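Thank you all for coming; I would like to take a few minutes to walk through one structure. Please have a look at it first, and then we will go through some of its parts together.

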Amino acid sequence: MRQYDYLIVGSGLFGATFAYFATKRGKKCLVIDKRAHLGGNIYCENIEGINVHKYGAHIFHTNNKEVWNFVNSIVEFNRYTNSPIANYKGKYYNLPFNMNTFYQMWGVTTPEQARLKIDEQRAEAQTCLGGREPANLEEQALTLVGKDIFTTLIKEYTEKQWGRKCTELPAFIIKRLPVRLVFDNNYFNDKYQGIPVGGYNKLIEGLLADVDNKISVDFFNSEYKEWKNYADKLVYTGAVDEYFGYRLGKLDWRTVSFKTRIEDTPNYQGNAVVNYTSHEQPYTRIIEHKHFEMFGQEVYNCPKTVVSEEYSTEYKDGMEPYYPVNNERNNALAESYRRLAEHEEDVIFGGRLGQYKYYDMAPVVEQVMEMFK
């Protein structure tokens, strides 16, 4: 007699949400995770009374009221609004590209002035192409926003993120670049956004409250590799190519590393997220974690702060895979693995690693909710 209905590999958002809904329907689940903690990449570490996003900033945002109500039924979310700042060679610009950005860049004060400036620079880029389609990311971006925005806020930042020149990246990576002709620094247009009060661990703890779980267990190097001895079905949220023993070849990833430190000041940079868009700094951005959950006087009531420099690098074995590399080779290889996955009996592949797709958090929750309807 198998002990569980589902063995779930990975306690990130997909695995934890799946375990929650399966348990609510009377199924018995075991969640295992190779890390020494639950929560996957949304795990938070408490340092100096601050919830530190150990694997990078995570901001929950959605237009789906059902998803928002569901996560708030597990833990209350605060009113954090993502409004990042860009630092280019010591000058600051608001993101996303909006009237504040255009005023900072050109001194324009009306939407019409901004539109004329952007259109003029876009036309220059189109003329340079001589009627042909953009051949790379640089040409694509120039035709969308023009040279000033591209040079200041996109070019070097993108090169740091991908480890390649913009002229070597495919055009399809940037299909569109939203330009807002309003004074609005809210990065997301979604109706709902915020951070769990008390950090993301509260969300994971709530989802897994009634679920058996084991940490520091590597699926491939444990007895659970023979999962049919333990469960009727497997939910796998690890890397899809690893599951199949890399038999078709290895998928490429970008990864991120962090240098986190405590600063002896209550307020280091005045914002949760500051992007560094020039090559002068090797990191892509600095996160000041307290600003996700502390506002107004709360910031100063906490005498220290924690900041993380974020570095984007090429993935090597032993690192944490973060972002799929969506070029032609990887897209074709991922599709071949997905076809293999479809024929795996009683196995569900989930999350960004299991599906080789970049996901925000809300669509992951939505996907699991749809599976159980």
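I will speak about a strand and its partners, then a helix, then a loop residue, and finally the cysteines.

A word on the source before that: this is a predicted model, in which local features need pLDDT of at least 70 and side-chain atom pairs count only at pLDDT 80 or more, while totals for chains, interfaces and linings use all residues. Residues are numbered from 1 along each chain as its sequence is written, and side-chain values use heavy atoms, with hydrogens and water left out.

Let me begin with strand β12, which covers residues 273-276; helices (H or I, at least four residues) and strands (E, at least two) are DSSP runs, numbered from the N terminus. Strand β6, residues 85-88, runs parallel to β12 and is joined to it by three bridges, where two strands count as paired if DSSP finds at least two bridges between them. Strand β13, residues 285-288, also pairs with β12 over three bridges, but in the antiparallel sense. Val274 takes part in both pairings, as it is the bridge partner of Ile85 and has Ile286 as its bridge partner in β13. Both faces of β12 are covered, with Val273 and Asn275 buried on one side and Val274 and Tyr276 buried on the other; buried means under 20% relative accessible area, exposed over 50%, and partly exposed in between, with a 1.4 Å probe and protein chains only.

Turning to helix α6, residues 147-162, we find a bend of about 40° at Ile154, the bend being the angle between axes fitted to the seven residues ending there and the seven starting there. The buried residues of α6 include Phe150, Ile154, Tyr157 and Trp162, and just after the helix Gly163 takes a positive phi of about 65°.

Next, in the loop between β11 (253-263) and β12 sits Thr265, which is partly exposed at a relative accessible area of 24%. Although Thr265 and Lys304 are 39 residues apart in sequence, their C-alpha atoms are 4.9 Å apart in space. Beyond neighbours within four places in sequence, Thr265 is in contact, meaning heavy atoms within 4.5 Å, with Pro303, Lys304 and Thr305.

Finally, how many disulfides does the structure hold? There are zero, a disulfide being a pair of cysteine sulfur atoms within 2.5 Å. For Cys128, the nearest cysteine sulfur is that of Cys166, 16 Å away. Cys128 is exposed, with a relative accessible area of 69%, whereas Cys29 is buried at 3%.
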